[in-house]
Amino acid sequence: MTDTKPTLPARPFFSSGPCAKPPVWAPEKLNPASLGRSHRSKIGKARLAYCIDLMRELLELPETHRIGIVPGSDTGAFEMAMWTMLGARPVTTLAWESFGEGWVTDAVKQLKLDPTVMKADYGQIPDLQAVDWSNDVLFTWNGTTSGARVPNADWIPADREGLSFADSTSAVFAQTIDWSKIDVATFSWQKVLGGEGGHGVLILGPRAVERLESYTPAWPLPKVFRLTKGGKLVEGVFKGETINTPSMLAVEDAILSLEWAKEIGGSAAMKARADANATALNAIVEARPWLGHLVENPAIRSNTSVCLTVQGADADFIKQFAKLLEDEGAAFDVAGYRDAPPGLRIWCGSTVDTADIDALGPWLDWAYGLLTA
């Protein structure tokens, strides 16, 4: 090894949540008009509604689907959907990473639903063709902690009897989602948009609304989960009238990201950026015999939360590896998720610049060389 270190990435932010800010981000660019104001004021409601409208436009969401801002990040949004709609028919849960496992735990231990559980190891997904769609079906579109995603929505029948519940937090804005196949989707701003945490987004198709208005769960619902009143959907939630007090600073941060996404070309441009980043990282992997993909099948490999294996690495090795990179300011937060097999996880979402992925490769070599010398 030489003493010369590689050139640093301009923005070494590779965390899989909260993720890198858009490249144009600066605090002075946030609109301060709603800050210090009530979210129920005219300006507060207007900015919340504007945020919702931008999300609808960028996601190319049909008018049949409602979209609202809810508490508790993606977790809160998904649990809200589970607690308000499950129990009307049998349930199938798909789990191939940590968050999918979490929905299994909620369905089994909290809601006592005795679901059919279809599991796969990290790096794989269950047999999607074996799913029984007479059931409600819960799944993660993109497994953030494993890097495995569903390849498309072709496995979801148009004439399904049950509802499809898609935890889509590291997929929306970076992957193509067929909204005609999705009854419930959830995500959070801090993933592909690079927004701030604490707020979730809930998308409801018409079949989900029908379920909400025709079914009352057997269990009590916390106030922050209640989406109906008198048997009717609370429409205000999907027009900017939030259930609890939102952070208007976080809302303005999300708006800045959404406006940037619109300016660069919208959904297609966001997907193209993520694809380019994942392609650049794959080139790094293929050029190094000691690096590999946790998800070996490219058809189900994420273009956002890309999980890598390191030859001979255990958890302690990965911890040292990540610390070396962080201490140099070369890459932040690249260790794999705590419950995943030891490895690296590199965020390749739309707010990352491909040049920074390219610059990361020599630094991976540098850290590996130090630890294996």
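The legends below describe close-up views of one predicted model.

**Figure 1. Overall view of the predicted chain.** The chain, taken from a predicted model, has 8 helices and 12 strands. Its radius of gyration is 21 Å, close to the 21 Å that the globule rule gives for 373 residues, so the chain is as compact as a globular protein of that length. Along the principal axes, the C-alpha trace spans about 70 × 50 × 30 Å. Among contacts with a separation of 6 or more, 73% are accounted for by residues 24 or more positions apart.

**Figure 2. The nonpolar cores and the surroundings of I346.** In soluble globular proteins, nonpolar side chains tend to be buried together. The largest nonpolar core here holds 86 residues, of which M55, F139, F173, W189, L325, L344 and I346 touch the most other members. Helix 5, residues 248-264, gives the most to this core, with 8 residues. A second, separate core of 31 residues includes A107, V184, L204 and F238. When residues up to four places away in sequence are not counted, I346 touches F14, L281, T304, S305, V306, L308, V334, I357 and L360.

**Figure 3. K271, a buried lysine without a salt bridge.** K271 lies in helix 6, which covers residues 266-286. This lysine is buried yet has no salt bridge, and the nearest side chain of opposite charge, that of E60, is 5.1 Å away.

Figure 4. Side chains of opposite charge can pair when their charged atoms come close. The structure holds 15 salt bridges, and this view shows several of them. E196 and K21 meet through their side chains in a salt bridge of 2.6 Å, N to O; E196 is in the loop between strand 6 (184-188) and strand 7 (199-204), whereas K21 is in the segment before helix 1, 175 residues apart. E196 counts as partly exposed at 38% relative accessibility, while K21, with a relative accessible area of 17%, is buried.

R47 forms a salt bridge with E252, with the closest N and O atoms 2.7 Å apart, and this pair links helix 1 to helix 5 across 205 residues. R47 counts as buried at 13% relative accessibility, and E252 is buried as well, with a relative accessible area of 2%. In a further salt bridge, the closest N and O atoms of D136 and R211 are 2.8 Å apart; D136 belongs to strand 4 (residues 136-140) and R211 to helix 4 (residues 206-214), 75 residues apart. D136 counts as buried at 0% relative accessibility, and R211 is buried with a relative accessible area of 9%. Elsewhere, R11, R273 and D353 are linked in a network of salt bridges.

**Figure 5. A49 in helix 1.** A49 is located in helix 1, residues 42-59, and is partly exposed, with a relative accessible area of 22%. Leaving aside neighbours within four places in sequence, A49 is in contact with K239 and G240. The C-alpha atoms of A49 and G68, which are 19 residues apart along the chain, are separated by 9.0 Å.

Figure 6. The peptide bond from G17 to P18 is cis, with omega near -10 degrees, and P18 is placed in the segment before helix 1. K112, a residue other than glycine, has a positive phi near 55 degrees; K112 is found in the loop between helix 3 (98-110) and strand 3 (116-119) and counts as exposed at 64% relative accessibility. Phi of D333, likewise a residue other than glycine, has a positive value near 65 degrees. D333 is in the loop between helix 7 (315-328) and strand 12 (344-347), and is partly exposed, with a relative accessible area of 48%.

Methods:
Residues are numbered from 1 along each chain as its sequence is written. This is a predicted model: local features need pLDDT of at least 70, side-chain atom pairs count only at pLDDT 80 or more; totals for chains, interfaces and linings use all residues. Side-chain values use heavy atoms; hydrogens and water are left out. Helices (H or I, at least four residues) and strands (E, at least two) are DSSP runs, numbered from the N terminus. Buried means under 20% relative accessible area, exposed over 50%, partly exposed in between (1.4 Å probe, protein chains only). Lys and Arg count as positive and Asp and Glu as negative; His and the chain ends are not counted. A salt bridge is a side-chain nitrogen of Lys or Arg within 4 Å of a carboxyl oxygen of Asp or Glu. A nonpolar core is a set of buried Ala, Val, Leu, Ile, Met, Phe, Trp, Tyr and Cys residues joined through side-chain atoms within 4.5 Å. Contact means heavy atoms within 4.5 Å. The radius of gyration is taken over C-alpha atoms; the globule rule is 2.2 Å times the number of residues to the power 0.38.
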